[in-house]
Protein chains: 2
Amino acid sequence: MPARRKSRPALGRSTAVEDYLERILELINTKGYARVVDIATSLKISQASVTNMIQRLDAEGMLKYEKYRGLVLTTAGETLARNIARRHELLTEFLQLLGLDPRVIEHDVEGMEHHISPPTLRAIETLTSQLRRRPALLTKFSRAAA
Amino acid sequence: MPARRKSRPALGRSTAVEDYLERILELINTKGYARVVDIATSLKISQASVTNMIQRLDAEGMLKYEKYRGLVLTTAGETLARNIARRHELLTEFLQLLGLDPRVIEHDVEGMEHHISPPTLRAIETLTSQLRRRPALLTKFSRAAA
DNA sequence: GCACAAACTTAGGTAAGCCTAACTTTTTTT
DNA sequence: AAAAAAAGTTAGGCTTACCTAAGTTTGTGC
C-alpha cells in the first residue's frame with residue numbers, strides 16, 4: 001500500500017523521505033555518523049531499502065553518498081532535516097502537555113508530523129507556550145488517557 | 001507511493017479506506033445516496049478506482065454493494081464512518097480556534113486525521129472546550145497565520 | 001595476509017492505490 | 001422504442017516503498 005496521496009508532496013518530500021532524513025540527522029547527532037545498517041535498524045526496514053533511498057536522496061541533493069563508504073548531509077539536507085526534527089519535537093511537547101501516554105504520543109506524532117503545515121505548526125507552538133504559562137488549564141488532563 | 005508504513009492499519013483501515021467511508025457518509029447525509037460518480041468527483045479520483053474500492057469495502061463488510069445499482073453502509077461501516085467524520089470535525093474545530101486559514105485547515109486535517117488515536121482525540125476535545133471557555137487565551141492567534 | 005564476518009549493493013518481486021482505455025449497463029432523450 | 005449519453009465495470013499498467021536472495025566490498029581476528 002503505502003502509496004497514497006492526493007496532492008503530491010514537493011518533489012522528493014514524501015513521508016518516507018522525511019522519515020529517513022529525520023533519522024539520519026538523529027544518528028549523526030548521537031553517534032557522529034549514519035551508516036546504512038543503523039538507519040535500517042532504527043527505521044525497522046531492510047538495508048536494501050535504505051541503500052536505495054540513500055541513492056535517491058543523493059540524486060536529489062539532500063546528501064552526499066559514496067558507495068560502501070558513507071554519507072554526509074548537504075546544507076539543504078541538513079536544513080530540511082532540522083525542520084523536520086523541530087516539528088517532531090514541537091508536536092511531542094504539545095501532546096506531552098496534554099498528559100498523553102508516551103507510546104501514544106510517539107505513534108501519533110510519527111503519523112501526523114508529515115502533514116502539519118508551517119502555519120499550523122506556528123499556531124501549535126504559540127498554544128504550547130501559552131499552556132505552559134497557565135498550567136491551571138491543564139489540570140483536566142493530568143490523569144489523562146493512556 | 002503511499003505505501004508506507006511501519007505499523008499496519010487494522011485490516012481494512014488504511015487512510016484510503018477512511019477517506020472513502022468518510023466521503024460516502026457525507027454524500028449519503030447530503031444527497032441521500034452515494035453514487036460511484038459522485039464519490040469519484042468528490043475525492044478527485046477516477047470512477048474505476050472507486051468501483052474497485054467499493055468492491056473491497058463490500059468484501060470487508062463495510063457496505064452492501066450491488067453492481068450497477070448502488071450501495072448502503074452496513075452498521076459496521078456507518079459506525080466507522082461516523083467516528084471518522086467526528087474526528088475530522090473535531091480537528092477542524094480545534095484548528096479553527098487557532099485562527100488558521102480555512103484552506104490550511106482543510107489540507108492539514110485531511111493529512112493528519114488518519115493518524116490521531118482515540119486518547120489524543122479525547123485530549124484535543126477537552127482542550128478545545130477549555131479554549132472555547134477562555135477566549136482570552138486565543139487573542140494571540142486572532143490575526144494568525146494564513 | 002587470509003579467512004570470515006559484517007556491511008553494503010543489486011536484481012527481481014510484491015502490494016496498495018491510483019490511472020487510462022475499452023467495454024457493459026442503465027438512464028435519458030426524442 | 002431506439003439512439004445517445006451517462007454511469008459503472010474490467011483489464012492492464014504505473015509508481016512508491018517495501019521485501020528477499022544473491023553477490024560484492026570492507027573490516028576483523030588470528
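Predicted model: local features only at pLDDT ≥ 70, side-chain atom pairs only at ≥ 80, totals over all residues.
Helices here are DSSP runs of H or I with at least four residues, numbered from the N terminus. A:Gly32 follows α1(A), and its phi is positive, near 95°.

Now take the helix itself. α1(A) covers residues 15-31, 17 residues in all. At 1.5 Å a residue it should span 24 Å, and its end C-alpha atoms are 24 Å apart, which agrees.

Turn to chain B. Its helix α1 (residues 15-31) packs against α4(B) at about 95°, with the axes 8 Å apart. Angles from 65 to 115 degrees count as roughly perpendicular, so α1(B) is roughly perpendicular to α4(B). From α1(B), the contact uses B:Glu18, B:Leu21, B:Glu22, B:Ile24 and B:Leu25. The contact residues divide into seven nonpolar, two polar and four charged.

Next comes the largest nonpolar core, which has 26 residues. A:Leu95 and B:Leu95 have the most contacts inside it. Helices α4 (75-97), α5 (102-112) and α6 (118-133) of chain A each give two or more residues to this core, and so do α4, α5 and α6 of chain B. In soluble globular proteins, nonpolar side chains tend to be buried together.

Which residues does B:Leu95 touch, leaving aside its neighbours within four places in sequence? They are A:Thr120, B:Leu100, B:Ile105, B:Asp108 and B:Val109.

Notes. Residues numbered from 1 in each chain as written. Chains lettered and ligands numbered in written order. Core = buried A, V, L, I, M, F, W, Y, C linked by C-beta atoms within 7 Å. Buried ≥ 20, exposed ≤ 12 C-beta atoms within 10 Å, placed from the backbone. Contact = placed C-beta atoms within 7 Å. Axes fitted to C-alpha atoms, helices over the stretch in contact; angles between N-to-C directions. Parallel < 35°, antiparallel > 145°, perpendicular 65-115°, else oblique. Nonpolar A, V, L, I, M, F, W, Y, C, P; charged D, E, K, R; others polar. Expected span 1.5 Å × (residues − 1).
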